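Thanks for coming. I will take one structure and go through a few places in it. Please have the sequence and the model open.

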Amino acid sequence: MFGLGRILGLAVAVVCGAVTSQAPEFSQQYRQRLNGAQDELRTVIEAFDADAANNNLSRENAIRVYEKTGSTFLQNRAASVRTAIGRLGDLERQSQAFDEAMPVLRPLVVARAPDGSVLQGAFRDFEPAIPITLHGFVWTGAGLILGFSIMWLLGLPFRRRKHYPARNLRV
């Protein structure tokens with residue numbers, strides 16, 4: 001018969017496994033949002049570049065025109081364009097990291113340096129899924145082991161030590 005400790009240990013392990021099994025699904029949903037954010041920023045920056053080219057300006061020269069005007073609004077727009085260009089670079093680097101990572105390691109790509117707004121959106125809209133991929137099973141297994149390990153460590157102080165009778169040793 002199972003004791004309360006074993007039942008509790010199994011429950012904790014199952015909960016840990018269920019939680020960690022969602023890591024690949026969350027990273028997939030994060031990646032989809034990341035790609036969408038990239039596409040939108042790229043569209044905005046390409047439109048800015050086209051406007052600059054239509055006026056015989058490079059991107060950098062167009063930004064300098066904004067910065068050198070006496071208009072606070074245009075100076076703020078220059079800063080916004082620079083921020084958007086920098087953010088697109090960051091998103092592209094993270095997207096490349098996703099492409100280069102093995103599927104089982106993609107949750108770690110998210111954990112390494114997530115984009116704040118993409119991460120918030122992914123958390124807000126996250127829908128759990130049953131993992132049926134190899135990397136989903138790996139993360140589930142890791143969670144089960146973590147749960148069992150936590151319960152084993154927490155149970156150490158409560159374990160009874162077995163006392164063995166002294167042996168009669170003859171020389």
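Is Ser21 buried or exposed? Ser21 is buried, with a relative accessible area of 6%; buried means under 20% relative accessible area, exposed over 50%, and partly exposed in between, with a 1.4 Å probe and protein chains only.

Before going on, two notes on the source. This is a predicted model, in which local features need pLDDT of at least 70 and side-chain atom pairs count only at pLDDT 80 or more, while totals for chains, interfaces and linings use all residues. Residues are numbered from 1 along each chain as its sequence is written, and side-chain values use heavy atoms, with hydrogens and water left out.

Back to Ser21, which sits in the loop between α1 (4–20) and α2 (23–54). Helices here are DSSP runs of H or I, at least four residues, numbered from the N terminus. Not counting residues up to four places away in sequence, Ser21 touches Pro131, Gly136, Trp139 and Thr140; contact means heavy atoms within 4.5 Å.

Next, helix α6, residues 116–125. Which of its residues are buried? They are Val118, Leu119, Gly121 and Ala122. Seen down the axis of α6, these fall within an arc of 165 degrees, so they line one face of the helix; the arc is that of the directions from the helix axis to the C-beta atoms. On the other side of α6, Gln120, Phe123 and Arg124 are exposed. The cover over the buried residues of α6 includes α2, α4 (72–100) and α5 (106–112).

As background, in soluble globular proteins nonpolar side chains tend to be buried together.

Phe98 is worth a look on the screen. Leaving out residues up to four places away in sequence, Phe98 touches Ser27, Tyr30, Arg31, Leu34, Arg106, Val109 and Val110.

That is the tour; questions are welcome.

Conventions: Helices (H or I, at least four residues) and strands (E, at least two) are DSSP runs, numbered from the N terminus.
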